[in-house]
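Welcome! Take a look at the model below, and then let us walk through it together, topic by topic.

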Amino acid sequence: MDGSISVQGLVKTYKGDVKAVQGVSFEVAEGEFFAFLGPNGAGKSTTVQILTTLVKPTTGSIRIGGVDVGEEPERVRWNIGVALQETGIDPVLTGRELIEMQARLFGFTKKEAKIRAVELLALVDLNDAADRPCGKYSGGMRRRLDLALTLVHKPKILFLDEPTTGLDPSNRKAIWKEIKRLNKEEGTTIFLTTQYLEEADQLADRISIINQGKIVASGSAEELKRTLGFDAIQLLFELDEEAERAGQILVDLGENIERSKNEVTLYTENGTKLLSDLVRKLDEHNLSPKTLNVKPPSLDDVFINVTNEQKERA
Ligand code: ADP
Ligand code: MG
């Protein structure tokens, strides 16, 4: 069994006609770092739960390392590690006890389990807290323990559902460093979900943006930025009211326009080409921005664009 993932036509409908996942397909190669990027409610956790055998899909075919998840869930489980967004860890047990228990579940002897716990506690930097109840751990420590638990049986594929949500920047960086190392040095395939554009941008080889149960864009961070072929023209005004008027005046110039407070951002295929038209239009209406910037799109811009397009089509 290798570390690849193949998903074809995945659909999950919950009772009450909740369409959590609506026809998702993607491939992840062995050793690849893949990110599922999307807002709350997009269908990320549902997808992770299905891929890791915890929830049954309504329809669709899923192969993990070439093995059909529906047909041989046990075999799949032995080859993957999962850190879910919500874990049911017993708060009374210590970090060391939990790791040893997990190792025993995976068939380690008592002695092997103890050795594995020592290795993993060091790896995620929890030596000092190893014998304290995990209910007393901080958020960052809990996430590091979650990560250690997923690594007990040296899985080929790691599924991490929002592993850094709610963490402060230094704890976030510590988790990033460890999952990067697992991917680069051990060749572990990573499937990570996140709401943070920066996280996907920094870590992933390939990203799929998921919104309302559908993949709306896929590619490397660079490709996503490039293939959309968009520039962002950013205008800052003195007053919110000026920005509002500018937004109305410029609406037919760009493919897409966003306003927030005193800022207007216009997305267009060629920002430089559009500038003279834009300045003339503003001038005609006696509007002059404080600052004006043309920049290639950030992943943030890509995200706003694809999710807006989807809203318009709906
Ligand atoms: P994400 O992880 O991207 O925030 P989820 O996969 O948790 O999204 O949820 C996708 C949609 O499915 C949401 O509308 C959510 O309310 C719904 N949902 C998730 N789990 C269940 C469930 N067990 N029963 C009913 N609806 C669910
Ligand atoms: Mg989720």
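Let us begin with a pair of helices: α3 passes α4 in a right-handed crossing. Keep in mind as you read that this is a predicted model.

**How α3 and α4 meet**

- Which residues make the contact between α3 and α4? On the α3 side they are Arg 96, Ile 99, Glu 100, Ala 103 and Arg 104, and on the α4 side they are Lys 110, Ala 113, Lys 114, Ala 117, Val 118, Leu 120 and Leu 121.
- Sorted by class, this contact of α3 with α4 holds seven nonpolar residues, five charged ones and no polar ones.
- Two packed helices are described by the angle between their axes and by the distance between the axes.
- Helix α3 covers residues 95-105 and helix α4 covers residues 110-123; their axes cross at roughly 130° and come within 8 Å.
- Angles of 65 to 115 degrees count as roughly perpendicular and angles over 145 as roughly antiparallel, and α3 and α4 are therefore oblique to each other.

**How α5 and α6 meet**

- Helix α5 (residues 139-151) packs with helix α6 (residues 169-186) at an angle of about 15°, and their axes are 9 Å apart.
- Are these two helices roughly parallel or oblique to each other? Angles under 35 degrees count as roughly parallel, and α5 and α6 are therefore roughly parallel to each other.
- The crossing of α5 and α6 is right-handed.
- From α5, the contact is made by Gly 140, Arg 143, Arg 144, Leu 147 and Leu 151; from α6, it is made by Asn 171, Ile 175, Glu 178, Ile 179 and Leu 182.
- By class, the contact of α5 with α6 has three charged, two polar and five nonpolar residues.

**The whole protein**

- How many helices and strands does the protein have? There are eleven helices and 14 strands.
- The C-alpha trace spans about 80 × 45 × 40 Å along its principal axes.
- The domain assignment gives domain 1, made of 5-89 + 137-220, and domain 2, made of 230-296.
- Between the C-alpha centres of domain 1 and domain 2 there are 38 Å.
- Of the 314 residues in the protein, 47% are buried.
- Among contacts with a separation of 6 or more, 69% are between residues 24 or more positions apart.

- Val 76 is found in helix α2, which covers residues 73-79. Buried means under 20% relative accessible area, so Val 76, with 0%, is buried.
- Leaving out residues up to four places away in sequence, Val 76 touches Met 1, Leu 51, Thr 53, Ile 64, Val 67 and Val 69.
- The C-alpha atoms of Val 76 and Ile 157 are separated by 9.9 Å, and these residues are 81 residues apart along the chain.
- Asn 183 is found in helix α6. Asn 183 is buried, with a relative accessible area of 5%.
- Beyond its neighbours within four places in sequence, Asn 183 is in contact with Gly 31, Glu 32, Phe 33, Thr 188 and Ile 190.
- Ser 208 is found in strand β9. Ser 208 is buried too, with a relative accessible area of 1%.
- Which residues does Ser 208 touch, not counting residues up to four places away in sequence? They are Phe 34, Ala 35, Phe 36, Leu 37, Ile 215, Ala 217 and Ser 218.
- Ser 208 and Gly 38 are 170 residues apart along the chain, and their C-alpha atoms are separated by 8.5 Å.

**Two loop residues with positive phi**

- Most residues other than glycine have a negative phi.
- Gln 212 has a positive value, with phi near 50°. Where does Gln 212 sit? Its place is in the loop between β9 (206-211) and β10 (214-219).
- Gln 212 is partly exposed, with a relative accessible area of 44%.
- Lys 261 also has a positive phi, near 55°, and its place is in the loop between β12 (256-260) and β13 (263-268).
- Exposed means over 50% relative accessible area, so Lys 261, with 62%, is exposed.

Note on methods: Residues are numbered from 1 along each chain as its sequence is written. Chains are lettered from A and ligands numbered from 1 in the order in which they are written. This is a predicted model: local features need pLDDT of at least 70, side-chain atom pairs count only at pLDDT 80 or more; totals for chains, interfaces and linings use all residues. Side-chain values use heavy atoms; hydrogens and water are left out. Axes are lines fitted to C-alpha atoms, for helices over the stretch in contact, and angles run from 0 to 180 degrees between N-to-C directions. Helices (H or I, at least four residues) and strands (E, at least two) are DSSP runs, numbered from the N terminus. A crossing is left-handed if the near helix is turned anticlockwise from the far one by less than a right angle, and right-handed if clockwise. Contact means heavy atoms within 4.5 Å. Ala, Val, Leu, Ile, Met, Phe, Trp, Tyr, Cys and Pro count as nonpolar, Asp, Glu, Lys and Arg as charged, and the others, Gly among them, as polar. Buried means under 20% relative accessible area, exposed over 50%, partly exposed in between (1.4 Å probe, protein chains only). Domain bounds come from an automatic or database domain assignment.
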